[in-house]
Amino acid sequence: MANIVTCDEVFVAINKLKAAKSDGHVGLSSDYFKHSCTDLAVYISLLFTALLVHGTAPKEFLTSTITPIPKGKGLNPTDSANYRGITLSPIYGKIFDLVVLQKYGEQLCTSPLQFGFKSKRSTSMCTMVLKEVIAYYSKHGSLYCVMLDATKAFDRVNYCKLFQEHLDRALPHEYLRLLLNMYTNHVTRVSWNGISSTKFSVKNGVKQGGVISPVLFCIYIDKLLLQLSKSGFGCFIGEVFLGALAYADDIVLLAPTHRAMRNMLALCDKFGSDYHVVFNAKKSKCLYFNSCANRSRISTTLPLFSVGGNDIEFVDE
């Protein structure tokens, strides 16, 4: 049955936990689970099965703790902009995430154009594919390359859109219902110098510190990659579409003509409007490659590209 979690599945998930990770809330550490007796997996499997049957989770599963960390040395410690929030998530929630990934990894797979958070994939592999496409088109003609920046993309995920994507992927409803409950009732607090703030609700964005969160985000952004691949615009090598490559929220668009690039950017604008993703033109960059040199060069005759109503700057490296 779909709502049964076995002790073997829990035992495998516990072994995948990273060592010495705290939950920041009730004082549990991942080491307690990794070094416990095997009987603990039996009780956790019964607990998870009960949660799936009832479709709800206790508050200990839903509370995260944010710890501000300075972004670097020599910064003004009184300026909140100089801190990065690191979120500590409940250990039970991480175990449940690992069980879901273990059981339903195939339903949670994404486009081959997405290289982020996948087994046997890396930024180096994505960069290699990008370089090969640039070399191919530089040899045979010209190429426009736009590197898009999505502002706080992980924090802007809309829950309605996110879980609709999972319904379309035929994830068992028992798991989907529990994940929805854990997200819509998620609360967090800020811990500073041993003192914690009051808890507040989180109504959008994937959970920071969650094991399954990067996978959920990749599924969320996968809709854009599929739309681009079906549009007919962008670069192809043979019949293989390579006009868009992504590593999580880092996206690069590749097109042989300025008209094709403008059409692809229009699709990105439409997706951003529908899915609450904001593409930042100021941090996005464009490069131009041609057959004269295997490097980009700035020219006064280059076309203008824009996203979100703002022009994207051309750069030469």
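Leaving aside neighbours within four places in sequence, which residues is L98 in contact with? They are A13, K16, L17 and V211, where contact means heavy atoms within 4.5 Å. Before going on, a word on what you are looking at: this is a predicted model, in which local features need pLDDT of at least 70 and side-chain atom pairs count only at pLDDT 80 or more, while totals for chains, interfaces and linings use all residues. Residues are numbered from 1 along each chain as its sequence is written, and side-chain values use heavy atoms, with hydrogens and water left out.

Back to L98. This leucine lies in helix α5; helices (H or I, at least four residues) and strands (E, at least two) are DSSP runs, numbered from the N terminus. L98 is buried, at 11% relative accessible area. The cut-offs here are under 20% for buried, over 50% for exposed, and in between for partly exposed, using a 1.4 Å probe and protein chains only. L98 and I14 sit 84 residues apart in sequence, yet 8.2 Å separates them in space, C-alpha to C-alpha.

Zooming out, the protein chain has 10 helices and 14 strands. Its C-alpha atoms fill a box of roughly 65 × 50 × 35 Å along the principal axes. Of the 317 residues, 45% count as buried. Take the contacts with a separation of 6 or more, and 70% of them come from residues 24 or more positions apart. The accessible surface is about 16400 Å², with 56% of that belonging to carbon and sulfur atoms; such areas come from the Shrake-Rupley method with a 1.4 Å probe, and for residues only the protein chains shown count as cover.

Now for the inside. The largest nonpolar core has 91 residues, a core being a set of buried Ala, Val, Leu, Ile, Met, Phe, Trp, Tyr and Cys residues joined through side-chain atoms within 4.5 Å. Helix α9 (residues 213-231) gives the largest share of this core, 9 residues. The residues with the most contacts inside the core are F48, I95, L245 and L253. Follow I95, for instance: setting aside residues up to four places away, I95 touches V10, A13, I14, L17, F33, I44 and F48.

S89 counts as buried because its relative accessibility is 5%. Its side chain reaches the backbone oxygen of Q208 at 2.9 Å. That is a polar contact: a pair of N or O atoms within 3.5 Å, where within protein one must be able to donate a hydrogen and the other to accept it, and residues adjacent in sequence count only if both atoms are side-chain atoms. Beyond residues up to four places away, S89 touches S22, D23, S64, K94, Q208, G209 and G210.

Next, the charged pairs. Side chains of opposite charge can pair when their charged atoms come close. The count here is 5 salt bridges, each a side-chain nitrogen of Lys or Arg within 4 Å of a carboxyl oxygen of Asp or Glu. In one of them, K103 pairs with E9, with the closest N and O atoms 3.8 Å apart. This pair links distant parts of the chain, since K103 is in helix α5 and E9 in helix α1 (residues 7-16), 94 residues apart. K103 is partly exposed at 23%, whereas E9 is buried at 15%.

Another salt bridge joins R169 and D222 at 3.5 Å, N to O. R169 lies in the loop between α7 (159-168) and α8 (173-184) and D222 in helix α9, so the pair ties together parts 53 residues apart in sequence. Both R169 and D222 are buried. E313 and K285 also form a salt bridge, their closest N and O atoms being 2.6 Å apart. E313 belongs to strand β14 (residues 313-314) and K285 to strand β11 (residues 285-290), so parts 28 residues apart in sequence are tied together. E313 is partly exposed at 43%, and K285 is partly exposed at 26%.

Last stop, the loop between α5 and α6 (123-140), which holds F117 and also K120. F117 has a positive phi of about 55 degrees although it is not a glycine, and K120, likewise not a glycine, has a positive phi near 65 degrees. F117 is partly exposed, with a relative accessible area of 43%, while K120 is exposed at 74%.
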